[in-house]
Amino acid sequence: MAKRTIRPQERCFCIWYAMLCNVQEAALHAGYSKEEALERGVLLLQRDDCRAFIHSVLETLSLRSSAAQVMAGLERLAFGACNDAARLVFAADNLSPEELAKLDLFGVSEIKRDKNGGVEVKLCDRQKAMEQILSYFNHTESQSQADALLNALTGVNAHAAESV
């Protein structure tokens, strides 16, 4: 049997899946329609070649750590679209359960229905997410500078010394 090659759209799905760990959202980002996204994504995950490619992407991006996954979530909160949240506000009563299930509400922190039947959606604070990202990078930079200073003073790589 000839070896199957991963098509560009499938590769795109694999990369998005590695970043998001969400089948449907990755498939949507890869260009699959809302109607077929979940099914196509699951089918791709069943393929050995796609799983191997996802694994290689994860290794390349070093997204195996919890810190990297948290950072990916913060980046989604800070820079992600809120189109589906707006759609929920303006068309809540006209959406079927299937359509509701397909909405990307990652950045939503609270949903309430008021006494008049209106829908109130509160989004996560983008500024706080950006502040957390900045704080992480400042900490990482400070740690790198401290390691460089320690290395200069002792002549030993601090990370190499920790692993010994």
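The largest nonpolar core of the predicted model comprises 16 residues, with Phe13, Cys14 and Tyr32 making the most contacts inside it. A nonpolar core is here a set of buried Ala, Val, Leu, Ile, Met, Phe, Trp, Tyr and Cys residues joined through side-chain atoms within 4.5 Å, where buried denotes under 20% relative accessible area, exposed over 50% and partly exposed in between (1.4 Å probe, protein chains only). At least two residues of this core come from each of α1 (8-20), α2 (23-29), α3 (37-45) and α4 (48-61), and α4 gives the most, with 5 residues. Apart from neighbours within four places in sequence, Cys14 is in contact (heavy atoms within 4.5 Å) with Cys50, Phe53 and Ile54. A second, separate core of 7 residues includes Ala85, Leu95, Leu103 and Val121.

Leu105 lies in the loop between α7 (97-101) and β1 (108-113) and is partly exposed, with a relative accessible area of 25%. Beyond neighbours within four places in sequence, Leu105 contacts Asp84, Ala85, Leu88 and Ile111.

The chain contains 9 helices and 2 strands, defined as DSSP runs (helices, H or I, at least four residues; strands, E, at least two) numbered from the N terminus. Of its 164 residues, 26% count as buried. The C-alpha atoms fill a box of roughly 65 × 55 × 20 Å along the principal axes.

Residues are numbered from 1 along each chain as its sequence is written. Local features need pLDDT of at least 70 and side-chain atom pairs count only at pLDDT 80 or more, whereas totals for chains, interfaces and linings use all residues; side-chain values use heavy atoms, with hydrogens and water left out.
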